[in-house]
Amino acid sequence: MPTLEGLEEAGLEKIPDLSIAKMRFELTLDPVCAKELKIDQAEVKRQLMDKIKAGFMTELYKDVSTELKLNINNSVLEEMEAKNKEELEKLTKAIENAEKNEGESEVREAMVKKCEYLTLIGNKDESTKMLKETLDKTNTTGHKLDLHFHLIRLGFFFNDNKMITTNLDKAKELIELGGDWDRRNRLKVYSGLYAMSVRNFQEAADNFLDTVSTFTSYELMDYLTFIKYAIISSMLALDRKDLTKKVVEGADIKRSTSRFTSLQELYIFPVQRTIRRLLCCSR
């Protein structure tokens, strides 16, 4: 079982940064709902814009400025665009060099780096296009799965359910062809997170509980957040008997929940917040 400190090196790269998607979502909430959920939207807005500027996320800067009705600072935008152009030229040259002087694996690695950069700067269309091109040049099942996981995360980042479900389905097909143990478990976590996002708490609980002792998907969330999601989905989906057996008396969860200071923090407050969030989103 992962340590509570989190063996984050076991996960894939945090690309894209899903905390940005969380902040964007929090800023869409009605102010009354945000206050109920103890979300300081002014502080969230500040943190979001700081992250976007620090990461030279040009497309996100334009999109989020429009969403939040903020004036675009042309000097900031020009600096971002110049930085993006410089980095993309380097990455393109690296691909061209690999094609001329290296083997297939080096070409693929160079293409993956460009995919990652396009994702990091929030260029969804170009990142998706580059990921598909890379998939076409990828032969091994494991590497193909990693690219589909990247596309799923991109779907989570941009709230694109079609992208998520399409790539979940493709990943499941590849897993049946011979995916390894780590990627099988990772797929369950991705599937559980999507199920939870569309309020299919039974599927979310099943997937999360199956991976409590094998979790390594730190690119999606930290381990304590994962445990909270497992508990919340289980409380909303399981009957009393299964809840007691799998959660309340579950050895792995019991070991993981020592960080929580009280029963309220562990069980009651997260469920209350989740129900409030769902009610807010339904208005």
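In the predicted model, Lys114 is buried but forms no salt bridge. The nearest side chain of opposite charge is that of Glu126, at a distance of 6.7 Å, whereas a salt bridge requires nitrogen and oxygen within 4 Å. Lys114 belongs to helix H6, which spans residues 104-120. Leaving aside residues up to four places away in sequence, the contacts of Lys114 are with Leu88, Leu91, Thr92, Ile95 and Met130.

Among these contacts of Lys114, Leu88, Leu91, Thr92 and Ile95 are also part of the H5 side of the contact between H5 and H6. Helix H5 comprises residues 74-101, and its axis comes within 8 Å of that of H6. The two axes cross at roughly 165°; because angles over 145 degrees count as roughly antiparallel, H5 and H6 are assigned to that class. The crossing of H5 and H6 is left-handed. On the H5 side, the contacting residues are Lys83, Asn84, Glu87, Leu88, Leu91, Thr92, Ala94, Ile95, Ala98 and Glu99. Their counterparts in H6 are Glu106, Val107, Ala110, Met111, Lys113, Lys114, Tyr117 and Leu118. Two of the H5 residues in this contact, Lys83 and Glu87, also take part in a network of salt bridges together with Glu86 and Lys90.

The model contains 15 salt bridges. One of them joins the side chains of Arg24 and Glu67, with an N to O distance of 2.2 Å. This pair connects distant parts of the chain, 43 residues apart: Arg24 lies in helix H1 (residues 18-26) and Glu67 in helix H4 (residues 58-67). Arg24 has a relative accessible area of 13% and is therefore buried, while Glu67, at 42% relative accessibility, is partly exposed.

Arg186 is buried, at 2% relative accessibility; Asp182, at 25%, counts as partly exposed.

Methods: Residues are numbered from 1 along each chain as its sequence is written. This is a predicted model: local features need pLDDT of at least 70, side-chain atom pairs count only at pLDDT 80 or more; totals for chains, interfaces and linings use all residues. Side-chain values use heavy atoms; hydrogens and water are left out. Helices (H or I, at least four residues) and strands (E, at least two) are DSSP runs, numbered from the N terminus. Buried means under 20% relative accessible area, exposed over 50%, partly exposed in between (1.4 Å probe, protein chains only). Lys and Arg count as positive and Asp and Glu as negative; His and the chain ends are not counted. Contact means heavy atoms within 4.5 Å. Axes are lines fitted to C-alpha atoms, for helices over the stretch in contact, and angles run from 0 to 180 degrees between N-to-C directions. Angles under 35 degrees count as roughly parallel, over 145 as roughly antiparallel, 65 to 115 as roughly perpendicular and the rest as oblique. A crossing is left-handed if the near helix is turned anticlockwise from the far one by less than a right angle, and right-handed if clockwise.
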